[in-house]
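Morning, everyone. Let me put the model up.

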Amino acid sequence: MNPIVLQFQHTIGEIKSMEKLAQQGWTSIVQKVTTDNGVYLLKSSYKDKYRQWLKQEADVLQQFKDHDEIHVPKYFGFIVEESASHLLMSFEEGVSLTTALKEAKTTEERRELIKSFGNFLNHFHGLKIPEDIGKVDWLESQFELAAKYIEKNQTDGSLELLQQLKNNKPTPTQQTFIHGDCTTDNVMVINGRVALFIDVAGMTIGDPRYDESLAIRDFTGDNELKSAFYEGYTRNRVTPEEFDYFDGGLYEFF
């Protein structure tokens, strides 16, 4: 039995089984843990950069565990070892939107999935920001983080690209809650509709156009699916220039 999981037993009950999931991310090893009390998900990261992301995800899940309108897995614990970090959360039955789109048998099914994605993100961006959550200049904070990644050779983005982004910032817009990596991989479909955010290390207050750009990146050339997204997402529509700035520019660093 994994000794790390044994440390969680007082919270989740006696462990019956552990199973490595077939679909693995590239930042963590993900396992399904079944106990007397329920089913849980254990994420373990080993490289410094990914351990930092896992700690950020743990902080987000803990911060929003009592916010019913922010749909994320439930936090159960976080353990730091010398060479690894481990996050325990609820196991959610469902599939990523990426998988659901591949499994959809008709264009109409895909349209409904994408429309539900737009609606889900529209609701999230419209949530009132609690007064106890600090607000910072999100874009400037991303520039600072990108510079650190360049210095440590931890990104595909270049110093030249970073300078271009600094020199050509988009028109300011009102900040909202954002996911921070809002691709079709990072939302879950449950009972036929998008209903949950996963991989939430970047969830914060920031520019909603970043989420919007990443949300449509896989189907921006498909007018049918793009139209379906904007049937659900009615707050805004990124311009081609804004899309290129966020998806083709800023996202290169992350």
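Start with a charge over a ring: Lys 49 lies over the face of Tyr 149, 4.4 Å from the ring centre. The rule here is NZ of Lys or CZ of Arg within 6 Å of the ring centre and within 35 degrees of the ring normal. Lys 32 does likewise with Phe 91, at 4.8 Å from the ring centre.

Some housekeeping. This is a predicted model: local features need pLDDT of at least 70, side-chain atom pairs count only at pLDDT 80 or more, and totals for chains, interfaces and linings use all residues. Residues are numbered from 1 along each chain as its sequence is written, and side-chain values use heavy atoms, with hydrogens and water left out.

Back to Lys 49. It is one of the buried residues of helix 3, and Trp 53 and Leu 54 are among the others. Buried means under 20% relative accessible area, with a 1.4 Å probe and protein chains only; exposed is over 50%, partly exposed in between. Helices are DSSP runs of H or I, at least four residues; strands are runs of E, at least two; both are numbered from the N terminus. What covers those buried residues includes strand 3, strand 4, strand 5 and helix 6.

Now ring pairs. The structure holds 17 aromatic pairs. Centres must lie within 6.5 Å; planes under 30 degrees apart are stacked, over 60 edge-to-face, the rest tilted. Trp 138 and Tyr 210 sit 5.1 Å apart at 50°, so that pair is tilted. Trp 138 is in helix 6 and Tyr 210 in helix 8, 72 residues apart. Both Trp 138 and Tyr 210 are buried.

Terms used
Contact means heavy atoms within 4.5 Å. Rings of Phe, Tyr and Trp (its six-membered ring) pair if their centres lie within 6.5 Å; planes under 30 degrees apart count as stacked, over 60 as edge-to-face and the rest as tilted.
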